[in-house]
Amino acid sequence: MNPAQFVSSLKDVKLENVFNPYADRCPIHDLEDAPNLRAQALLGMLNAAANTEVDAFWIGRDLGYRGGRRTGLALTDDVHLLSHASRWNIPLKRATTGALVAERTAAVIWSMLESVHSPVFLWNVFPFHPHEPGLPFTNRSHTSRERIFGEAILADLIWLLRPRRLVSIGNDAARIASRLAGGTEVVQVRHPSYGGQRDFVKQIGCLYDVRAHRSQLSFHDESGINRP
């Protein structure tokens, strides 16, 4: 499987109460060609990563409605979209309209990534946005059936990019990473949500010998209110 085939396989996934950013279009926030824009951005990053010795996958759980649902990129919101593109030296176009939307988890992740210069590829156990029935702008945990899809996709991605190690963000990611790692090193860190921000920053700081960019640690919602 090559990067183009991998992205094509993602486009084909259709599940109930799941938004697939590479195939689905949000009628409220998306540009007309949003699914294609997100798929092309991911393909560009995969092509770049396939020609690089990837240090690590940082693996989260699911895409969130404020982040990956909009960008199609794991652990990345509108605010950090261009930072993500610049890490892989690829051009991309934002797929959504209106004001930039921030996500708290992405803010913490990128507070550390701004100081990490090793090639890091961001992914999720379930690389789509699961939501509550009839409520597209909510987040829920993926189901066991959905996890089967995600595991197969992650296994393909590990084979494709062959990272040196897997950095699992949270318990869910750690369980899946351990099952799929083979001989690849797995490092578990605390998820930054639900009081885990301080531990996450400390653990990633120790792993890469870096410090957080403090300016990245604040959360800006759509109304412009600055939240810690």
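**Figure 1. Two cavities in the predicted model.** This predicted model contains two cavities of 30 Å³ or more. Rolling a probe the size of a water molecule over the atoms shows where empty space is left.

**Figure 2. Lining of the largest cavity.** Which residues line the largest cavity? They are Leu37, Arg38, Ala41, Arg70, Thr71, Asp78, Leu81, Leu92, Lys93, Arg94 and Ala95. Helices α2 and α3 (68-71) each give at least two residues to this lining. The largest share, three residues, is supplied by α2. By class, the lining of the largest cavity consists of five nonpolar, one polar and five charged residues.

**Figure 3. Lining of the second largest cavity.** Around the second largest cavity stand Leu42, Met45, Gly72, Leu73, Ala74, His84, Phe121, Leu122 and Trp123. Both α2 and β3 contribute at least two residues to this lining. Here the largest share, three residues, comes from β3. Seven of the lining residues of the second largest cavity are nonpolar and two are polar, with no charged residues.

**Figure 4. Helix α2.** Helix α2 covers residues 34-50, 17 residues in total. From its first C-alpha to its last, α2 reaches 24 Å, close to the 24 Å expected at 1.5 Å a residue. Is α2 mostly covered or mostly uncovered? It is mostly covered, with 13 of its 17 residues buried. An α-helix has 3.6 residues a turn, so residues three or four places apart point the same way.

**Figure 5. The four-stranded sheet.** Four strands form an open sheet in the order β3-β2-β5-β6, and their pairing is parallel. The edges are β3 (120-126) and β6 (185-189); each has a single partner strand, so one side of each is left without a neighbour in the sheet. On average, neighbouring strands of this sheet are turned by 25° against each other, direction ignored. Strands of a sheet pair through backbone hydrogen bonds, either parallel or antiparallel.

**Figure 6. Strand β5 and its two partners.** Strand β5 (residues 165-169) pairs with β6 in the parallel sense over five bridges. In this pairing, Arg165 has Glu185 of β6 as its bridge partner. How many bridges join β2 to β5? There are four, and these strands run parallel. Phe57 stands opposite Leu166 in β5. From β5, Arg165, Val167 and Ile169 point one way, while Leu166 and Ser168 point the other way. Five of the five residues of β5 are buried, so the strand is largely enclosed by the rest of the structure. Buried here means under 20% relative accessible area.

**Figure 7. The largest pocket.** About 750 Å³ of space lies in the largest pocket. Its lining has 28 residues, and those nearest its centre are Arg61, Thr105, His191, Ser193 and Tyr194. Two or more lining residues come from each of β2 (56-62), α5 (104-113), β4 (129-130), α7 (171-180) and β6. Which element gives the largest share of this lining? Strand β2 does, with three residues. The lining of the largest pocket divides into eight nonpolar, 12 polar and eight charged residues.

Notes. Residues are numbered from 1 along each chain as its sequence is written. This is a predicted model: local features need pLDDT of at least 70, side-chain atom pairs count only at pLDDT 80 or more; totals for chains, interfaces and linings use all residues. Side-chain values use heavy atoms; hydrogens and water are left out. Two strands pair if DSSP finds at least two bridges between them. Axes are lines fitted to C-alpha atoms, for helices over the stretch in contact, and angles run from 0 to 180 degrees between N-to-C directions. The expected span of a helix is 1.5 Å times one less than its number of residues. Buried means under 20% relative accessible area, exposed over 50%, partly exposed in between (1.4 Å probe, protein chains only). On a 1 Å grid over the protein atoms alone, a cavity is a set of points where a 1.4 Å probe fits but cannot get out, and a pocket is an open set with protein on both sides within 12 Å along at least five of seven lines; lining residues have an atom within 4 Å of a point. Grid points are joined across faces, edges and corners, and a volume is the space filled by probe spheres set on the points. Ala, Val, Leu, Ile, Met, Phe, Trp, Tyr, Cys and Pro count as nonpolar, Asp, Glu, Lys and Arg as charged, and the others, Gly among them, as polar.
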